[in-house]
Amino acid sequence: MSDRPLAIAVASGKGGTGKTCVAASLLVTVPGLIGADADVEEPNLSILLGAEPYESSLVETPLPIIDQDRCDRCGECVKACRFGALNMFGDSFPAPNDLCHGCGVCSMVCPKNAITETGKPIGEIRLCRGNGLNIFEGRLHVGMPNPVPVIHATVEAAMAEKRNLVIDCPPGTSCPMVAAVRRADMVVLVTEPTPFGAADLDLALQVIRNLNKPAMIVINRADLGGADIDSLGRRYSVPVAARLPFSRSIAESYARGNPPASMDPQWKEAMLSIWESTERMSGN
Amino acid sequence: MKPKEITIVSGKGGTGKTSLTAALVSFAPQRTVLCEADVDAPDLEILLHPVKVSEHPFMGMRTAAVDAERCIGCGKCESVCRFEAIDMSSGKAVVDKTFCEGCSACTLVCPQECILMEDTRQGTWFFGQTDFGPMVHARLNPGGENSGMLVQLVRKEARLTAKKTGAGIILTDGPPGIACPAISAVTGADIALIVTEPTMSGRHDMLRIAELCERFGAKAAVILNKADLSNEGAVKIEEACRENGLPLLASIPFLLDVVHAVAQARIPSEELKSYIGPIWEKLMKL
């Protein structure tokens, strides 16, 4: 057994390489794991696992409220805001818009102490349960621009359980991906051996190197494409942990909502070996 | 005349946005400007091989920098930073540029006034020339911020290029997801073309991006890709399109030949030819 709970982040660079399939397969294969869906723009982990929400809490970011009795419309807050998130038209009082990052600078600079903060809901965390699994699912509200606070809140909530954790990360290599892998002990990068897969994996590996995280690569649809993922991995000293072939029946069962490891022994074996290496590399 | 701006999006990643964008441009009915707006996984260039015309730095938000010599290690900056971007473990404040959002709160509380906001390069953008017309594309630095700003920038440059060259169409390969880069990619577009797949995830994500398009005033239409991977899933996508008033322009089966073409960094134009013509006809009438 582990000395302390481990968190394994499943990320990719390119979308649609099979992150959620790997995350779901780890969850159905390795006993005792819980899941966090940090792909809050498009949370799909619970769908694939048949887990249903039974509880939900809002994720809020701080939003300024302007006390109109105190505000003398000096405009210092509008000037100080670097996100263009406060508007003042003509004689109106300053008003926040959706660009607010909740940094607190406006209330710091207000000479009249006229700015306090309230919480603005930008997403939710749903606790989902099904097939013996518990998933913390982050969901960004449609129309909200910044997923990062929802990602942080989701990962934090799941980590508070102090159980071994699988984090399903958003695609890409920018701030949402960074936020999702930030607390992980191990990053599993899922790719495909196409030119797209290789180019995006290269970017993802640069991010992981900058963050100084241990990582391993899973090559999905390993027989489709022929791009040389192995030498890319070697260049960053990141091992290839598994190669999984394309299978029409796996693709079809995914379409119906079944994770590959629930029906394919090769996937199951790969998931066990990923988990064992994670324990080994983390010194547990 | 104002060019028609078509942005290809998906919600879910990996549905085939980039391959379809490339196939679409190879049969475009009018002169077209290409725009790569998936700036943190920019793959359109792999298929279109643009010849570089010019290269430009992308400066994002300014970020904080501490003058280590003057820092006394009081930690006031760390206590006001809401993005956990200040590390005091060395005894002095160090800004982690990956997490600094550029709000400047730290500069306001530093008793030494030793934190300044500095220009920060977050990526690079390019003008290129392809066989099918000019292309504006970009790369965000790995782990970079402000991808929405960069998307706005490449779209603005694509519009200017269209004006200069008299192009009738701007075709933009958008990012997955629904947050800032996706909002920047669909806002002001005439058509948001959603590429989906016949899976439960594909349907769920299609409906989220469709809602986003409606909110930001872009007319949405759908292409169902890899349609034969699940007949049941395909029927559900068709139903969801009908229920939500989304025109379904085409259903394309899963074609191994397309995968093989892309594996050779080649546009799957011949492989998709019979589907692309009817899609353009419908697109130009929308």
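Q: How are α1(B) and α10(B) oriented to each other?
A: In this predicted model, helix α1 (residues 17-26) and helix α10 (residues 269-285) of chain B have axes that come within 9 Å and cross at roughly 70 degrees. Angles of 65 to 115 degrees count as roughly perpendicular, and α1(B) and α10(B) are therefore roughly perpendicular to each other.

Q: Which residues make that contact?
A: From α1(B) the contact takes B:Ala23, B:Leu24 and B:Ser26, while α10(B) brings in B:Ser269, B:Leu272, B:Ile276 and B:Ile279.

Q: And how does it split by class?
A: The contact of α1(B) with α10(B) has 5 nonpolar and 2 polar residues, and no charged residues take part.

Q: How many residues of α1(B) are buried?
A: For α1(B) the count is 10 of the 10 residues, so the helix is largely enclosed by the rest of the structure. The buried residues of α1(B) include B:Lys17, B:Thr18 and B:Ser19, and also B:Ala23 and B:Leu24, the last two of which belong to the contact with α10(B) as well.

Q: Let's step back to chain B as a whole. What is its secondary structure?
A: Chain B comes to 10 helices and 13 strands. Its C-alpha trace spans about 70 × 40 × 35 Å along the principal axes, and 56% of its 286 residues count as buried.

Q: What share of the contacts in chain B join residues at least 24 apart?
A: If one takes the contacts in chain B between residues at least 6 apart in sequence, 77% join residues at least 24 apart.

Q: Now the strands: how do β3 and β8 of chain B pair?
A: Strand β3 (residues 51-59) and strand β8 (residues 121-130) of chain B pair in the antiparallel sense, over 8 bridges. To find the place in the structure, look for B:Phe58, which stands opposite B:Gly123 in β8(B).

Q: Which strand is joined to β8(B) by another 8 bridges?
A: That is strand β9 (residues 133-140) of chain B, which runs antiparallel to β8(B). Here B:Trp125 stands opposite B:Ala138 in β9(B), and β8(B) and β9(B) form a hairpin with 2 residues between them.

Q: Switching to the other chain, what is chain A made of?
A: Chain A has 10 helices and 11 strands, and its C-alpha trace spans about 70 × 40 × 40 Å along the principal axes. Buried residues make up 54% of the 284 residues in chain A. Among its contacts between residues at least 6 apart in sequence, 74% join residues at least 24 apart.

Q: How is chain A divided into domains?
A: Domain 1 of chain A takes in 7-50 + 131-281, and domain 2 takes in 61-120. The C-alpha centres of these two domains of chain A lie 39 Å apart.

Q: What order do the strands of the open sheet in chain A follow?
A: The 9 strands of this sheet run in the order β3-β6-β7-β2-β8-β1-β9-β10-β11, and the pairing is mixed. At the edges stand β3 (52-66) and β11 (240-244) of chain A, each with a single partner strand, so one side of each is left without a neighbour in the sheet. Neighbouring strands are turned by 20 degrees against each other on average, with direction ignored.

Q: How do β1 and β9 of chain A run, parallel or antiparallel?
A: Strand β1 (residues 7-11) and strand β9 (residues 186-191) of chain A run parallel and are joined by 4 bridges, with A:Ala9 standing opposite A:Val187 in β9(A).

Q: Which strands does helix α1 of chain A touch?
A: Helix α1 (residues 19-29) of chain A packs on the sheet and touches β1, β2, β7, β8, β9 and β10 of chain A, and its direction makes about 165 degrees with that of β8(A). Helix α7 (residues 195-211) of chain A also packs on the sheet, touching β1, β9 and β10 of chain A, and its direction makes about 170 degrees with that of β9(A).

Q: Last topic: how many residues of chain B are in contact with chain A?
A: There are 51 residues of chain B in contact with 50 residues of chain A. On the chain B side, the helices that each supply at least two residues include α4 (105-109), α5 (147-165) and α8 (231-243), while α7(B) gives the most, with 8 residues.

Note on methods
Residues are numbered from 1 along each chain as its sequence is written. Chains are lettered from A and ligands numbered from 1 in the order in which they are written. This is a predicted model: local features need pLDDT of at least 70, side-chain atom pairs count only at pLDDT 80 or more; totals for chains, interfaces and linings use all residues. Two residues are in contact if their C-beta atoms, placed from the backbone, lie within 7 Å. Two strands pair if DSSP finds at least two bridges between them. Axes are lines fitted to C-alpha atoms, for helices over the stretch in contact, and angles run from 0 to 180 degrees between N-to-C directions. Angles under 35 degrees count as roughly parallel, over 145 as roughly antiparallel, 65 to 115 as roughly perpendicular and the rest as oblique. Ala, Val, Leu, Ile, Met, Phe, Trp, Tyr, Cys and Pro count as nonpolar, Asp, Glu, Lys and Arg as charged, and the others, Gly among them, as polar. A residue is buried if 20 or more other C-beta atoms lie within 10 Å of its own, exposed if 12 or fewer, and partly exposed in between; C-beta atoms are placed from the backbone. Domain bounds come from an automatic or database domain assignment.
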